[in-house]
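Dear colleague,

Please find below the structure that I am handing over to you. My findings follow it, arranged by topic for a reader who has not seen it before.

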Amino acid sequence: MKALDLFGGSYADFLRERYPDILRATAEHLGISGISVAAGCIVAIPIGIVLARHPIPWLQSVIFSIANIFQTIPSLALLAILIPIFGIGTKPAVFALFLYSLLPILRNTLAGLQSVDKSVLESARGMGYSAAQQLWHIQLPLAFPYMMSGIRMTTVYVISWTTVATLIGAGGLGDLIFTGIGVNKNELIFTGAAAAILLALLVDFILGNLEKWVMRKTGTTKSDTTISY
Amino acid sequence: MIRLQGIEKRFEDGFQALKNINLEFKGGEITVLIGPSGCGKTTTMKLINRLITPTRGQITINGTDISTVNPVELRRKIGYVIQNIGLFPHMTIAKNVGVVPRLLKWDKHKIDRRVNELLRLVGMDPDLYRDRYPSELSGGQQQRIGVIRALAADPDIILMDEPFSALDPISREQLQDELIRLQQEFKKTIIFVTHDMDEAIKIADTIVLMKDGEVVQTGSPEQVLRHPANDFVKSFIGKKRLRAENGLEALPIVDEVMADNPVTAYPSRGLAEALKMMEHRRVDSLFIVDRNHILRGYVSIYQVLDQYGEEGKTVADVMKPVVHTVRTGTPLTVALKLMSKYGLTNLAVVKNNNQFVGLITRGSVVRHLAEVYPPAQREEPAYEGA
């Protein structure tokens with residue numbers, strides 16, 4: 001491992017010595033990202049469902065504008081803005097990341113629900129599906145792949161942004177990186193960055209499999225099997 | 001029996017879709033609602049499963065006022081087939097067919113048996129099709145599934161909203177035949193919406209003709225054809241069907257047979273342009289008319305090619321006068337006699353002032369015959385005389 005000579009000394013020794021720290025940082029990182037995205041889903045998916053069901057154009061554009069604005073604020077700036085409100089620590093970080101996760105999840109939920117063919121809904125209604133059954137058995141399964149892709153994308157982004165959240169004292173893998181920069185210890189920087197990358201890839205992989213598993217479980221297929229009339 | 005009494009429907013935008021509709025749909029019959037688009041036929045049908053609520057009036061099914069019935073429960077007892085089929089793309093064929101039985105919480109094995117039975121009913125092997133997805137089926141097969149899905153819970157009433165209109169003509173014929181066959185077996189009360197008179201005549205026990213939110217005429221296909229209530233009904237049925245039905249083989253006139261938009265050119269056209277035009281429209285001759293559409297002459301492709309080398313020439317220079325024409329209103333037989341006597345491939349039809357209105361060709365005569373004796377009537381011995 002030629003590259004690792006850069007760090008000076010044995011990287012394995014470093015890992016062995018610091019691995020409780022690394023593990024703790026990873027767990028924190030996962031916790032912050034997970035809570036942010038979960039909260040984002042809890043808020044954005046119901047809003048998406050309501051908007052799809054009762055299309056109110058002005059409300060839709062207002063909600064999208066707000067979510068868009070959050071999306072355009074640079075992550076560091078957003079974190080800074082939140083300091084006077086929430087102080088520093090994990091709470092403002094989670095809140096900022098939650099704001100970031102809203103738009104993509106909302107947009108994909110809405111797009112997924114709106115992509116459901118009108119004639120499919122009409123026949124469901126005409127055959128005696130109640131409103132809740134239409135949502136649960138027709139709209140959500142058909143929108144599910146769209147929603148999942150929104151959630152996956154958001155999760156990957158949020159995991160990377162969480163790294164920056166260390167600047168307001170959130171903890172996580174960013175801690176390792178910025179400490180490493182501070183004390184000029186390359187192993188720390190490398191470990192923090194590599195762990196964040198691996199975490200993002202792993203979570204995306206798990207969510208991808210979860211999606212497939214849910215679809216198999218419910219006996220549905222991807223909606224790319226749409227009917228062409 | 002379904003009864004509609006004093007039904008009016010005004011939509012939120014103020015459009016009055018239905019005006020005082022009083023109708024009875026007899027049990028065990030196919031009633032076809034027919035009319036031009038916007039006449040209220042689909043609205044009328046959708047009243048029955050409460051997809052649309054009337055502004056005024058009462059609807060009863062076997063004496064029960066349906067406004068007192070929970071709409072979701074009501075719809076589960078009424079089969080529903082729509083034009084765009086509306087199969088659920090994320091469910092297998094078996095699941096699609098079993099939708100209503102599942103909503104009614106039938107036993108799983110009973111649903112399975114019912115699905116297999118229905119698939120066989122329309123000639124689709126359950127082993128082959130049960131686990132396929134709708135996108136893997138042809139349009140005709142999809143709508144077969146749409147129809148058996150409506151039959152799944154064995155409802156007494158089935159609503160069909162232009163179910164076959166999106167299909168190709170061959171599939172449409174097949175599905176109509178299958179519907180007739182199924183109906184002979186099951187005797188459902190079917191409300192069938194269409195805008196296709198041939199379809200209505202073929203499948204209906206009773207035809208309800210609608211226009212502008214009102215019922216214009218109700219009766220069996222035979223009654224409607226023999227005694228059309230007014231000019232609207234006559235025009236909707238079409239002259240040709242009326243004539244065929246009444247046995248009045250009135251002689252057609254040239255106006256009915258002629259091609260309305262023959263290829264014409266102005267006298268000032270150059271020869272190259274004329275040739276291009278013939279090529280494009282796939283004809284071997286052009287009729288030359290002036291700005292007022294007065295017939296001036298005729299050029300054939302031979303004349304054009306013959307003089308093609310002379311660049312300055314226009315069609316006016318090479319055209320020949322049209323010797324034989326017939327006036328509008330001339331009986332077709334006269335025109336045909338003229339054509340055979342002089343060996344003409346076509347014959348121009350003109351108005352009194354020599355205005356060119358159409359062209360009788362051999363093709364247009366054959367087309368006319370095909371329309372008068374459509375293949376749908378093949379079971380009648382009409383061909384013997386034709």
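This is a predicted model: local features need pLDDT of at least 70, side-chain atom pairs count only at pLDDT 80 or more; totals for chains, interfaces and linings use all residues.

**Findings**

B:Ile85 is placed in the loop between β6 and α3 (93-97) of chain B. Its phi is near 70 degrees, a positive value in a residue other than glycine. Most residues other than glycine have a negative phi.

A second residue of this kind is B:Asn62, which is not a glycine either and has a positive phi of about 50 degrees. B:Asn62 belongs to the loop between β4 and β5 of chain B. Is B:Asn62 buried or exposed? B:Asn62 counts as exposed because it has 11 C-beta neighbours inside 10 Å, and the limit for an exposed residue is 12 or fewer.

Strand β4 (residues 56-61) of chain B and β5(B) run antiparallel and are joined by 2 bridges. Within this pair, B:Ile61 stands opposite B:Thr64 in β5(B). Both strands belong to an open sheet of 4 strands in chain B, with the order β2-β1-β4-β5 and antiparallel pairing. At its edges are β2 (16-25) and β5 (64-65) of chain B, each of which pairs on one side only.

I turn next to strand β6 (residues 78-81) of chain B. B:Ile78 and B:Tyr80 point one way from this strand, B:Gly79 and B:Val81 point the other way, and all are buried. A parallel arrangement links β6(B) to strand β7 (residues 157-161) of chain B, with 4 bridges between them. One of the residues involved is B:Gly79, whose bridge partner in β7(B) is B:Ile158.

Further along chain B, B:Ala316 is found in helix α16 (residues 315-318). B:Ala316 is partly exposed because 16 other C-beta atoms lie within 10 Å, a count between the limits of 12 or fewer for exposed and 20 or more for buried. Which residues does B:Ala316 contact, leaving aside its neighbours within four places in sequence? They are B:Pro267, B:Ser268 and B:Ile288. In the case of B:Pro267, 49 residues from B:Ala316 along the chain, the two C-alpha atoms are separated by 4.6 Å.

For chain B as a whole, the secondary structure comes to 18 helices and 16 strands. Of its 386 residues, 35% are buried. Among contacts between residues at least 6 apart in sequence, 62% join residues at least 24 apart.

In chain A, the feature to inspect is helix α6 (residues 131-164). This helix has 34 residues, yet its end C-alpha atoms are only 43 Å apart, short of the 50 Å that a straight helix would reach at 1.5 Å a residue. Where is there a kink in α6(A)? A kink of about 50 degrees lies at A:Phe144, shortly before the proline A:Pro145.

Lastly, there is the contact between the two chains, which takes 24 residues from chain B and 21 residues from chain A. On the side of chain B that touches chain A, the elements that give two or more residues are α2 (71-76), α4 (99-103) and α7 (139-151) of chain B. By class, that side of chain B has 14 nonpolar, 7 polar and 3 charged residues.

With kind regards

Notes. Residues are numbered from 1 along each chain as its sequence is written. Chains are lettered from A and ligands numbered from 1 in the order in which they are written. Two residues are in contact if their C-beta atoms, placed from the backbone, lie within 7 Å. Two strands pair if DSSP finds at least two bridges between them. The expected span of a helix is 1.5 Å times one less than its number of residues. The bend at a residue is the angle between axes fitted to the seven residues ending there and the seven starting there. Ala, Val, Leu, Ile, Met, Phe, Trp, Tyr, Cys and Pro count as nonpolar, Asp, Glu, Lys and Arg as charged, and the others, Gly among them, as polar.
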